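User: Could you take a close look at the enclosed spaces in this protein, and then at the surroundings of its ligand? I'd like the cut-offs spelled out as you go.

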Amino acid sequence: MRPSSRLAAALLASALLLGLGLFGQQRPFQPNLNSPQVAAAVARLMPKLNTRQKIELLAGYTGPGYPHGMFTHPFKQFGIPGLKMSDASVGVRVWGPSTAYPASVALAAAWDPALARREGAAVGQDARARGVHIVLGPGMDITREPQCGRNFEYLGEDPDLAGQIGAAWIEGLQSQQVAACAKHYAGNEQENGRNSVNSIISRRALEEIYLAPFRTAVLQGHVMTLMAAYNRVNGRFSTDNSYLLTQVLRRQWHFKGVMMSDWGATHATLACLTAGLDLEMPDNSYYNAGKIMPLLHSGKLPMSNINQHVRRLLRVMAAMHFLDRPQKDASLPLQNPHSAAVALAVESEAVVLLKNQNHALPLDPAHLRRIVLVGPDVAPAVTGGAGSSFTRPNVTPVSLLDAVRAAAPSAQVAQIPYPYPLRSLRHWWQHLAPASAAGPMFTVRQRDAIRRADVVIAGIGPREGEGWDRPYDLPGRQNAYLQAVAQLNPHLVAVLYAGANVGMSAWIHQVPALLDAWYPGENGNTAVAGILFGKLNPSGKLPDSFSRRWNDEPAFGHYPGHDEHVHFAEGIFVGYRWYDSKHIAPRFPFGFGLSYTTFAIHPLSVHAAGSGRRRRVTLTARITNTGARAGADVVQLYVRPPHAAGVVRTFQQLRAFQRVELAPGASRTLRLRLRWRDFAYYDTAANAWRVPAGSYGLAVGDSSRSIAGVLPVHMP
Ligand code: BGC
């Protein structure tokens, strides 16, 4: 080969390698609603649709081949597909069995945006395998109180953490050319009365807490669609709330995508169309020609309004390439081993070790002859919470019992069935009567088996799901049951399956070790057992504060409201912002989680540059694994504002974090970056973000209550 042809061959090879993404990362697909191609596609299609067809495009459609209330109207003659949708947060659930991932709150507990991106991409592939255009997630409401039945579908109590994890998940999902739908916008912080409850929330709390994750989804995640919630916000339904749908979403955040209603959350035609709701789902009860044509004829509604909604829908279709190729990718398997591996990876990072007295964990399988499992959530597996997110896996899910048996093959492992009835998560719509207090807890043989066990592992949890809130305390006599088990055998380890905190005062002092497994999805119990028996080192950190008692909570006294009104009277004092500012000790603080190794964090220096909104601050810190085994920790940076006259601030706010994996003895230097906005509060009187001048503390640690040091930075 001549030198010039050798050079050409080498160039070609490297170009191919670059194309394949082998040299560095191939840039993942990111939709662009502003591209000239999108504008051209919209301009081409708009004149083809007549007014009736445009109206049909703005509502859900059910017909032959378009079942389940999960489609928009197709116009095959113009190449416009009926957009196929599916829930969502923990797997592609509507179209047959599919990989069931751990609960969204588990993903937040991993504090790992890269992992969230991987999970989003895997869900995207599951969606493409089924021809799904829009996945109805992520859930981005804030965990305001632990009772909310859908906390497990959300991303915790902190707007920055929820925003970062949610935006990364959206990027991953959309990289597969599947549109995400951030929900439920907004103020859907409880399920109690969700269809009509009026969430009364101050402007400041909306801006700083409740809308903030959605803002990140729009500005950073480039989310293609949002879902307006069932409830009202400050007197108006979310679906006809022009403050939420137009003022904030369109004017402040410049959102160009589609705003759809939650299923059956539309209650008006004119009010919703003018407030900014583009798409009524799942049917056309309000967005139909019979209702809209007279409005157009009478001049109450300009045609430009309908055109604008239609344009938004077409824009999303064009930007996501829904118009130029089939959405179904038959080369992808319905049962994808890659998805299952991602699901397991999420749970491996998500499990939080909350308590480990006298190194009760990890267990050594070689020294255990008899293991007894008790409690309602041992087997069959509790894979997720109930409701529209519930995903039927395409494999038999791994129960805690299966996972313990596999991890300790030489031990005798027995399950003692839980004696009291609980609401079934599989048949969540069937309301069971409250658990009866009657009946003995154990037979004589069971009592004996518990006494003789080398260790007792309890699988416990509330019954959570869409459409209802649950009590603070564990239901079905689990408190008394745990106490009774602990009295028979103090070698007790509890595994909690829940979307948020539960009351623990009755038993926590009798339980030496406690893991929070959230909901582990189809195979996550393998990770739980990996942690119980020391194969894995726990690294999950709480995305919520776990209070000692309900009376300590910020929403206590203001939840679930009266006469369909719930006043978010705690304002911006949500989660740790409340406990830290009010000097109330939570049982387990925000950001907390134990490990089998130890870490030392040293804040090193702060560098600040630029002025005004261009100011950038970088904090450098060093973290060392000071223990004997490999593990991961999450370095967290909290901004502590100075006292400024007349301005109410919370004690500290999480503004940056980084998960770090380290071999024993290894160290890493990290740079955590802050922007002007990370120091700001929302000034309601001026409707603007402000940073009062002064010296701010930058607190670095591995939980909101475990701060290694505080370095000052001046904000001019
Ligand atoms: C839920 C949404 C869900 C929709 C479609 C509603 O009841 O609130 O989260 O996406 O149903 O299943």
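Analyst: Happy to! A cavity here is a set of points, on a 1 Å grid over the protein atoms alone, where a 1.4 Å probe fits but cannot get out, and its lining residues have an atom within 4 Å of a point. Grid points are joined across faces, edges and corners, and a volume is the space filled by probe spheres set on the points. This is a predicted model, in which local features need pLDDT of at least 70 and side-chain atom pairs count only at pLDDT 80 or more, while totals for chains, interfaces and linings use all residues. Residues are numbered from 1 along each chain as its sequence is written, and side-chain values use heavy atoms, with hydrogens and water left out.

Searching the whole structure gives 4 cavities of 30 Å³ or more. The largest cavity holds about 90 Å³ of space. It is lined by 14 residues, of which Thr143, Pro146, Glu157, Ser545 and Glu553 are the closest to its centre. This cavity lies between domain 1 (31-319) and domain 2 (341-582), because both give residues to its lining; the domain bounds come from an automatic or database domain assignment. By class, its lining has 5 nonpolar, 4 polar and 5 charged residues. In this scheme Ala, Val, Leu, Ile, Met, Phe, Trp, Tyr, Cys and Pro count as nonpolar, Asp, Glu, Lys and Arg as charged, and the others, Gly among them, as polar.

Next comes the second largest cavity, with a volume of about 60 Å³. Its lining includes Ser89, Glu119, Pro138 and Trp169. Helix 4 (104-109) and helix 6 (159-175) are the elements that give two or more residues to this lining, and helix 6 gives the most, with 3 residues. Helices are DSSP runs (H or I, at least four residues), numbered from the N terminus. The classes here are 5 nonpolar, 3 polar and 1 charged.

Now for the ligand. Around it are 14 residues, the closest being Asp87, Arg150, His184, Asp262 and Glu466; to count, a residue needs a heavy atom within 4 Å of the molecule. This shell divides into 5 nonpolar, 2 polar and 7 charged residues. The ligand taken alone exposes 310 Å², and the protein buries 93% of that, with accessible areas from the Shrake-Rupley method and a 1.4 Å probe.

Conventions: 1 Å grid on protein atoms, 1.4 Å probe; cavity = no way out; pocket = protein on both sides within 12 Å on 5 of 7 lines; lining within 4 Å.
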